[in-house]
Amino acid sequence: MYKNIIKNLLGTSLIVLLLTQTGCEKAFEKALDRADDSRETLTGILGDANKVRGLLNSCYAGVPQDRSDIYFWTTFESLDDNAFEAQNQSMENWRNGLLSPSFAALAVTRESSNKLLFFTDGGGYWARYWAAIRACNVLIGNIDNITVPLSVMPQEERDQMRDEALILRAYFHIQLIGMYGPIPFMDTAQPVEFKGWGNLTRPTYDEIATRIADELQTVIDRKIVPFRRDPLNSNDKLRVPLSFAYGLKSRVLLYNASPLNNPNGDPAKYERAAAAAKQFLDLNAYSLEPFENTKKNLYNSNINENVEATEVIWRSRSSLGNLSFVHGMNLSATTPKRSNFSNYKAGETPTQEMVDSYELKDGSLIIKNYDATHANPTFTPEALAAGYDDVNKPYVNRDDRFYRDILFNGNDFGESYQLGPIKVFTYLGAPGTGTNGPATSGDDKRTFTGYYYGKDRDPLFYGSGTNNDGSARVSQHSVMMRYAEIYLNYAEALCGANRLDEACTQLDMTRLRAHQPSIRLVPGFTLNKEWLMNRIHNERRVELVLEDSRFFDVRRWDIISNKNTNTISGMLPEQVSPGVFKYTRYQMPWTWKCHTEKYKILPIPLSDQKLMPKILQPVAWR
């Protein structure tokens, strides 16, 4: 946006964002090489190769730099029932049910100084993604108007830029419809004098999902964007690969087939989603990492390492070295001390519901059903038969992913930097890492749920030196998409299409990798669509935790306000004698108003809804 407009962009509506002729904010000034945005013209931009490339950079500005991108250092995972964060600001607004058509609740970037992307009032993610779509449309619509000589900017480069922008535009639309329901597909940067906003209507979800999938297929067919990016060029690896387009097509068609958007369970929609996943899998271009390599290769590798050769399809631009500083433990206060510096806050911490999702080693689920408080659940007969003990030994004999992902009382995290091995204790009174328990006040550097996350944290962050030293010695890239999702998409689509045997086979791909038994061998197995779909849902929750999947899944599955998902709980470990503990569940005493029908489909900002009266608010918001 021109600087004389974006000075006051906080609270700016979608219409202003869409109608403003797009330039780039100061993050891209070097590429655009201009002294004053207010004197720049589109014609001038299109005549300068670096400024045209800057237009592509402006398209990427809508992509979260990492998964802790909500103000203030908050994650998407904290917005759902996988995690709890005591942070106030955006998180408190969301948790307390303050979302409304006139208040987005979330400031969508931790960088409050970046007026291009930081929205707090009516805009939120609605404004962010529409701004990014606008940027894509400006580039796509002007590719043929570039006046740079072909000797300076070859046609091949222009075509690739266009197709990258098309993939990004599809991604931004998918994000929007996952949050706000079906919205018009915008493929044009409308002129300032455009008068047609009042005539826009909501398409069906099927119409926009089909449009997105068809456009992605067009890009796939052209094969201009590299299927993989250059593994030795970190700048190139930050740009979308063609494989991401295959994955997005699979994702959007699965969303389209899901209960929220397919209440009658039309198997044809599931068949389309299955075909999209199979199209990708049939390429045999990726594979799953061995489980023992997953922590390092999927989450803790430097951007220069070629993890994209196996499972990672695309990952974030930021290494998020300080992830454990804003979502971690205070090991400087433990006995013995395992860090010379403290954390800033505990940040996202696992809920008991997330912990309960991890099966026993024989494949038994633990929870049959929750009561209203989640403090007194009904355990499955299979878990009880296997010896599950919720009071004395709740963490034995679990899925291997549990020990990798969850830092629970007594868990071994790994080796710190020069200060020895990290054993985590979260019992009441444990120095540093102990729990605050069932309270709404306490030390915000320690957990309120009885757990910490370890999945994408590197224990080498802790140890000697300073916080900056710790951040510099680790890389904790956020995964935008990986191959495991495609197997899970395929399993879910096959199940929805009543191809249950095939669904079992695909579901086993992530299960067997994690050393869990084939789904056909778990206690209580039934080749029944409802039973199998529930297990697919659970497998997806476990496999994709901390990868921004659950937020969309509880919505598209239409379960956000169900008894099993509409509150969260924690676990209080208490030491009854040295090395002996008892465990007590409790409902989180904090307000939890973000898993209701109103939060299922988010409201359109009021200012834009008034300008587009035919695009009605979701039913719960009328």
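Two residues are in contact here when heavy atoms of theirs lie within 4.5 Å. Take Leu 532: setting aside neighbours within four places in sequence, its contacts are Cys 495, Leu 500, Ala 503, Cys 504, Leu 507 and Ile 519. Before going further, keep in mind that this is a predicted model, in which local features need pLDDT of at least 70 and side-chain atom pairs count only at pLDDT 80 or more, while totals for chains, interfaces and linings use all residues. Residues are numbered from 1 along each chain as its sequence is written, and side-chain values use heavy atoms, with hydrogens and water left out.

The protein's mean is 91, and 92% of its residues reach 70 or more. Residues 1–38 are the stretch to watch: pLDDT stays under 50 there, although the model has 88 contacts beyond four places in sequence for them. Where pLDDT is low, the predicted coordinates should not be read in detail.

Back to Leu 532. Together with Trp 94, Leu 532 has the most contacts inside the largest nonpolar core, a set of 125 residues. A nonpolar core means buried Ala, Val, Leu, Ile, Met, Phe, Trp, Tyr and Cys residues joined through side-chain atoms within 4.5 Å. Buried is under 20% relative accessible area, exposed is over 50%, and partly exposed is in between (1.4 Å probe, protein chains only). The biggest giver to this core is helix α8 (residues 155–180), with 13 residues. Apart from this core lies another, of 18 residues, including Met 354, Val 542, Met 571 and Tyr 583.

Next, a couple of helices. Helices (H or I, at least four residues) and strands (E, at least two) are DSSP runs, numbered from the N terminus. In α7 (residues 124–142), 18 of the 19 residues are buried, so the rest of the structure largely encloses this helix. Its end C-alpha atoms are 28 Å apart, which agrees with the 27 Å that its 19 residues should span at 1.5 Å a residue; the expected span is 1.5 Å times one less than the number of residues. Helix α13 (residues 291–299) buries Phe 291, Thr 294, Lys 295, Asn 297, Leu 298 and Tyr 299. Among the elements covering those residues are β2 (312–315), α17 (400–405) and α20 (500–513).

What about cysteines? With a disulfide taken as a pair of cysteine sulfur atoms within 2.5 Å, a search of the whole structure finds 0. Cys 136 is in none, the nearest cysteine sulfur being that of Cys 59 at 3.8 Å. Cys 136 has 0% relative accessibility, so it counts as buried.

Charged pairs are another matter. The whole structure holds 50 salt bridges, each a side-chain nitrogen of Lys or Arg within 4 Å of a carboxyl oxygen of Asp or Glu. Arg 401 and Asp 399 pair up at 2.8 Å, N to O, and both are buried. These two also belong to a salt-bridge network whose members include Glu 311, Glu 359, Lys 455 and Arg 482. Arg 404 and Asp 405, likewise both buried, have their closest N and O atoms 2.6 Å apart in a salt bridge.

Finally, Lys 423 bridges to Asp 412 at 3.2 Å, N to O. Lys 423 sits in strand β8 (residues 421–424) and Asp 412 in strand β7 (residues 411–415), so this pair ties together parts 11 residues apart in sequence. Lys 423 counts as partly exposed because its relative accessibility is 43%, and Asp 412, at 53%, counts as exposed.

Technical notes:
pLDDT is the predictor's confidence in each residue, from 0 to 100.
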